[in-house]
Amino acid sequence: MSWRLSSIDCGDNMDRRCFFLLGSSWVVAPQFVAAATRTIWSAAETADALAQNRVSLIDVRSRPEWIETGVAKDAWPISMHEPGFEHRLFAARDFSGEKPIALICATGGRSGHLLSALKQAGYTGFIDVSEGMLGSPKGPGWIARGLPVTDMEAALASLPDTLR
């Protein structure tokens, strides 16, 4: 039996290197798939993924909340309390391409309900940042973790034109 792993041909006799590569792929792949399919993330996980351009983040809170606390750096401020939210949400999903869309609110309540409604309607590719900006029983929140924040005006100014 000949083993082939990507561009490495292990031949008829699997040596240690091939065995290690094959074995490690069985260990790493399920973790990668689990991370990609989980729909609830911590603020820290989301900030890390956002910094690595692996996720897009939408702050669904209201403008007064954005003014009070600021907006997570590099998040798109798209309030669920304003007209046209649904259109802008799906425009953000399209604009984001293959990257999932993380949703954040104050304490995870609104983003959790929104994620639930999206899942029930059959939509995938969305994530709930369950501890929110201010914290919840799920965790201390974006701000208490000391994750980067920007003011509302700067966040709105950096919003892509297709999401305005």
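Q: How do S7 and strand S8 (residues 126-129) pair, and over how many bridges?
A: Two strands pair if DSSP finds at least two bridges between them. In this predicted model, S7 and S8 pair in the parallel sense over three bridges, and Ala102 stands opposite Ile127 in S8. From S7 the chain passes through helix H5 (residues 109-120) to S8, a right-handed β-α-β crossover. Right-handed means that, with the strands pointing away from the viewer, the path from the first strand over the helix to the second runs clockwise. Helices (H or I, at least four residues) and strands (E, at least two) are DSSP runs, numbered from the N terminus.

Q: Which way do the side chains of strand S7 (residues 101-104) point?
A: In a regular strand the side chains alternate between the two faces of the sheet. Here Ile101 and Leu103 point one way, Ala102 and Ile104 the other, and all are buried. Buried means under 20% relative accessible area, exposed over 50%, partly exposed in between (1.4 Å probe, protein chains only).

Q: What is the phi of Asn53, and where is Asn53 found?
A: Most residues other than glycine have a negative phi. Phi of Asn53 is near 60°, a positive value. Asn53 lies in the loop between helix H2 (43-51) and S4, and is exposed, with a relative accessible area of 51%.

Q: What is the basis of these values?
A: Residues are numbered from 1 along each chain as its sequence is written, and side-chain values use heavy atoms, without hydrogens and water. As the model is predicted, local features need pLDDT of at least 70 and side-chain atom pairs count only at pLDDT 80 or more, while totals for chains, interfaces and linings use all residues.
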